[in-house]
Amino acid sequence: MPKFTGIIFLFVILHIPLAIADDRSSIEGQLSHYIMSQQQEQLLLLEKLVNVNSGTDNIAGVHRVGEILRPSLEQLGFKTYWIEQPSNMQRAGTLVAEHRGHKGKRLLLIGHLDTVFPSNSPFQHFERHGNLATGPGVIDDKGGDVVILYALKALQAIHALDGSTITVILTGDEEDSGKPTSISRKPLLEAARHSDLALDFEWAITQDTATIARRGIRNWEIKAHGNEAHSSEIFQKQVGDGAIYELARILSAMRTELAGELYLSLNPGLILGGTAIYNDLSESHGTAFGKGNVVAKIAMAKGDLRFLSSEQKISAENKITLIVGQHLPGTTAIVHFQDGIPAMPPTDANRELLKKYSAVSNALGYGLVKALSPGLRGAGDISHIASLVSANLAGLGPVGTGAHSVKETISVTSLPIQTERAALLIYRLIMIS
Ligand SMILES: [Zn+2]
């Protein structure tokens, strides 16, 4: 390849961001310049956070991660405090940082301090491999936490934080929330009630997408009962079909009636049936006793339901309840729906917020950003408060892959880019009068 082609190529790739970072007269240039100058420090902080184990059960570790971030937030003029959960919930608290002013949109920035990796996991350390780095929480969500911090630092550096109203919520139990969620999510809900817009900094799946919708989760459990009898009498009037056929009928009908619906998913994850079953729901396992020559007396299945709006959830629940109610002869069945996380539906206001983010990205020289398909990511903390604010945007953390696995990886170069985008988006939102 002739030498000049390489130079042109480099020019095309690097020209726009460098030009912006060099241009100190514009807000874009000032924010970019600050963030680019801090990228080593930001990455070192990420390494430090990742090297502290903060599996959800490791309450002390989660606290340590929060305490590392806390002084930097204080230095930016935020008032910080922990909201603890009752000790019987066995979860760390939520770190809250508040900046109170009177101008612009009131923003809620959401991250989390915990990871899915317990203290005995083999996956404990940050490791750099060129432009990639692996480690527990490197994208989920410590990468997002440092995006929040350095975006705010950049805004402070250009004196843009003055007068703004921003709440940062870093939960300590996003991965396995304390139950009931009415208590564990309370700090998040409270903050949302005093905010106009919510931004969530879990990782971006690709650099040209952000999340305007997340599916919600609802857990379900179905129990069927039949008449215990000799197997030779099954299907006869006085005995009926037995609990296992009843449960099989229900699951099969659920699949037939609901499997084709867009963004709805329905997964039975555990099934037990026989003469007797013994199960520990909290531990997700159980045993069953039964014989081929005895009609099944009891059967149970449990699973989850994922949906994109509360209307879709209610409609699916109603259909399931109807199916469960149409019993086979000699059987009964009941369904219970429990817990779960609400959906974050793709509203017009979310699309508008994404448009602003896309414009920000374009102004920084990083191209347009489009909506990620809601089928591609699960529920998260922002889902709990999506209905309490006027618009939501998620997936604003660094780009990466392999979350919840020992392959969790960050694209190192995406860290300053996502920080620049976040800083400029926040800037524009807090300047709106
Ligand atoms: Zn996660």
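This is a predicted model: local features need pLDDT of at least 70, side-chain atom pairs count only at pLDDT 80 or more; totals for chains, interfaces and linings use all residues.
**Surface and overall build**

I started with the surface: the protein exposes about 19100 Å², and carbon and sulfur atoms supply 56% of that area. Accessible areas here come from the Shrake-Rupley method with a 1.4 Å probe, and for residues only the protein chains shown count as cover.

Residues are numbered from 1 along each chain as its sequence is written, and side-chain values use heavy atoms, with hydrogens and water left out.

I looked up the extent next: the C-alpha trace spans about 85 × 55 × 45 Å along its principal axes. I found 12 helices and 18 strands; helices (H or I, at least four residues) and strands (E, at least two) are DSSP runs, numbered from the N terminus. Of the 433 residues, 53% count as buried. Buried means under 20% relative accessible area, exposed means over 50%, and partly exposed is in between (1.4 Å probe, protein chains only).

Among contacts with a separation of 6 or more, 78% come from residues 24 or more positions apart.

**Cores**

I went looking for nonpolar cores, meaning sets of buried Ala, Val, Leu, Ile, Met, Phe, Trp, Tyr and Cys residues joined through side-chain atoms within 4.5 Å. The largest one has 70 residues, and those with the most contacts inside it are L109, L152, I166, L199 and L393. Helix α12 (residues 414–431) gives the largest share of this core, 10 residues. Another core lies apart from it, with 24 residues, among them L258, L264, I323 and F337.

I then picked L109 and asked what it touches. Leaving out residues up to four places away in sequence, L109 is in contact with I148, L152, I166, T167, V168, I169, L199, F201 and I426.

**The zinc site**

Which residues coordinate the zinc ion? I found D140 (OD), E175 (OE), E175 (OE) and H404 (NE2), at 2.0 to 2.5 Å. Donors are N, O and S atoms within 2.8 Å of the metal (3.2 Å for Na, K and Ca); water is not among the atoms, so sites may look incomplete. Along the chain the donors follow the spacing D-x34-E-x228-H. D140 sits in the loop between β5 (132–134) and α5 (142–157), and E175 in the loop between β6 (164–171) and α6 (181–184), so this pair ties together parts that are 35 residues apart in sequence.

I checked D140 for burial: at 3% relative accessibility, D140 counts as buried. The peptide bond from D140 to D141 is cis, with omega near 15 degrees. I noted a cis bond from K179 to P180 too, with omega near 0 degrees, and P180 lies in the loop between β6 and α6.

**V138**

V138 is found in the loop between β5 and α5. Is V138 buried or exposed? It is buried, with a relative accessible area of 0%. Its contacts, not counting residues up to four places away in sequence, include L46, V50, F126, P398 and T409. I also looked at L49: its C-alpha atom is separated by 8.6 Å from that of V138, and the two residues are 89 apart along the chain.

**Strands**

Two strands pair if DSSP finds at least two bridges between them. I traced an open sheet of 4 strands in the order β4-β5-β18-β17, with antiparallel pairing. Its edge strands are β4 (127–129) and β17 (400–401), each pairing on one side only.

Strand β9 (residues 216–225) came next: 7 of its 10 residues are buried, so it is largely enclosed by the rest of the structure. I counted 10 bridges from β9 to the antiparallel strand β13 (residues 298–307), where the partner of K223 is M300. β9 also pairs with β14 (residues 332–341) in the antiparallel sense, over 8 bridges, and there H225 stands opposite T332.

**Two positive phi values**

H159 has a positive phi of about 60 degrees although it is not a glycine. I placed H159 in the loop between α5 and β6, and H159 is exposed, with a relative accessible area of 59%. F235, not a glycine either, has a positive phi of about 75 degrees. F235 is in the loop between β9 and α8 (243–258) and counts as exposed at 53% relative accessibility.

Technical notes. Contact means heavy atoms within 4.5 Å.
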